[in-house]
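Reader: I would like to learn how to read surface and aromatic features in a model. Could we work through some cases together?

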Amino acid sequence: MVAALLPDIWLFAAATAVTYIADWYLHQRGSYLINRLGKVRAGLSIRFLLRQLMVILLLARLDLAEEPLFYAAVACFLVFYGLQAPHGALTTLIKLRRTLPIVTRNVDLHAVRIPDAPPRSLLYRSSEKMLHLDLPAVVGVLVAAGTGEDYLGYIGAGVTLLLALGYNALLVPYLRRSRRAPSAPAVLKALDTWLGEYQPTVVLYFSGSNESAYQGNMWLDTMAAVEGRPLIVMRERNLVAQLADTSVPVVCVPAGTHLMNMNLSTVRVCLYPANVGKNIHMLRVPTMKHVFIGHGDSDKLASVNPYSKVYDEVWTAGRAGRDRYALADVGVRDEDIVEVGRPQLAPIESWTGTTRNPIPTVLYAPTWEGWDDNPGNTSLLLAGENIVRRLLTADSPVRVIYKPHPFTGIRSAKAKAVDARIKALVAKAAQDRAAESRWAQEASAAAAGQRAAKAELVRIESRLAELAKPGRAGGDESEESRVALADPARQAEIAALRTEWNDAYWRSFGWWEHKTVTGAQPKLYDCFNQSDAMVSDISSVVSDFIASGKPYAVTDSAELGADEFKRQNTAVRAAVILSNGAQEIDQLLSAVADPAADPLAEARHELKTYLLGPDEPTSMEQFDAAVRALAAKAEARNAGVAQRVGEQLPEPLPDPEAASSGAGDGSAEIIAEVEVAVDPDTPSPDAEIGADPSVIR
């Protein structure tokens, strides 16, 4: 605006270029600022409109307000904005008509025809692309104003309008019936047909926030191995993309009415990994038994949520979970609790008593800050930096792996800041260690192997990307629902590649290098297997790590004192208890360095059985047995209800014609008895307002 008011056309051109580049960059980065600008009425369309108004202002200040170029520019921008409306309508209609009422994976919807999606380039960030078509007009007008060659401005304006018209024209064919997705009733009917053919018996029902995908992902392998015909039912579209690869059929049903009308008559057991409001839409189905399985075993209050009363059964890993509910006294009956172990823990390797590498690796895996400010929620805020510093400066060198919880920092800015500082500490320590002569020699010797591992990672990731989504690139979720069918060969290749990836990842850097691990890969259990000890908080991470038998430490962030901390939290009874200063970290390192100096080894073994159940039968066998037993209860309940309903069915109503003729079926006597039962002398509300008693009778 300043450049326009001066007026300085070349300064204006430079400033305009900066605004275009800044807008493009912020959108590419998915910047939070873009969202904030929209909230204060400075959204994308307004920003482009303001830029074009500045062009008009510049022309006026250059004394071109009476020139044809000025009117051409005004007319161009008005027509261009007029073309935004049909463009927005077209893109919105296409997206709406391409949206199925469900999203599926490994479900055969051949009964309905789902056409290919429009090219992604047409619909992805379409508004931004349309608005950027003003660039030829803006450039043409500025060049014309600077050179006096008005025809350049006319050419630019014409190009902008032709491109805008062309964009609209490209969208129109995708409104044809042949390009639309099938109607919601047709799709839902096809789903019910498939359900009738597949006849699922056990369902994993999952709903949650954007960050909660891990809660469902941890049960995918178990569902793939469970007896019967498993099905995964989800509620949020955005979580489908975050679901890890699985061979189990997946149906995402966002609308509660659609879910409640699904044909789930063959399902006998429904499993819930989270206590969320949308569970009610499935809990209302009486023909199946409902089970809370949770997404981890810990001493957190979430593990004894009173909401759990709504389920027929609550499945815990071991005896500890049962005792936890008894102590909490939240209404979950002991007879409704079943101990099934933790099938997910099968990949965790048991401790051999010796360190994996020449120096021990210690994993720091704190949980997140929680929804309140309880200091016992996480060690990150009060102790995190102390823990990491003491590990990094230990007398005998150790390697530190830092893996924060996925939720870290989503509620607390302080937790987010501490997380960033710890990452910086780990990165700085890794850099300093690389400069030391001993580690430099190790790095030199391992350089060739690390390069090979990194090249292997690139190859594996490229192949995994090819296998990630079946079908052609650029398909939308409707097209993916059509093509995402179970392919045993593809599933086997993905599983093998993920194993290779994990092996190559840990070989791609030195066993002495400090590391921060975030994201879905490598998995937490892979970090367990690479570590010789762990520091964590009260969470399911501790219970899971106990399966390894390795030494571990837990931070008493709320400063309850070691005895009280152990009394309140079962999982820490075999742990080294850390204060917020983390002075006790040497006890953990001593136990790792010398198993003979590990006084808690036997306690860890006993606690493992108490928390996670016996090793035999396996957790998967216990889980399957629990599914079978509960399915049998569901069958017995359904049979009993059917029998009772059959016994209580009323006699068929008499034929009205026979009743009026007094046929010998007793109907006349029934009518007579009813007439006698009504005392004509008894007043009624209707009689008080002049109703005829005979009519009432």
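Reader: Is Tyr-151 buried, partly exposed or exposed?

Author: Buried means under 20% relative accessible area, exposed over 50%, and partly exposed in between, with a 1.4 Å probe and protein chains only. Tyr-151 has a relative accessible area of 47%, so this residue is partly exposed. This is a predicted model, in which local features need pLDDT of at least 70 and side-chain atom pairs count only at pLDDT 80 or more, while totals for chains, interfaces and linings use all residues. Residues are numbered from 1 along each chain as its sequence is written, and side-chain values use heavy atoms, leaving out hydrogens and water.

Reader: How many aromatic pairs are there?

Author: Rings of Phe, Tyr and Trp (its six-membered ring) pair if their centres lie within 6.5 Å, with planes under 30 degrees apart counted as stacked, over 60 as edge-to-face and the rest as tilted. The count by this rule is 23 aromatic pairs. In one of them, the ring centres of Tyr-272 and Tyr-311 are 5.2 Å apart and the planes stand at 50°, so the pair is tilted.

Reader: Are Tyr-272 and Tyr-311 buried or exposed?

Author: Tyr-272 is buried, at 0% relative accessibility, and Tyr-311 is buried too, with a relative accessible area of 5%. Tyr-311 also pairs with Tyr-307, with ring centres 6.0 Å apart and planes at 50°, so this pair is tilted. Tyr-307, at 26% relative accessibility, counts as partly exposed.

Reader: Which residues form one aromatic cluster?

Author: The cluster is formed by Tyr-205, Tyr-272, Phe-292, Tyr-307 and Tyr-311.
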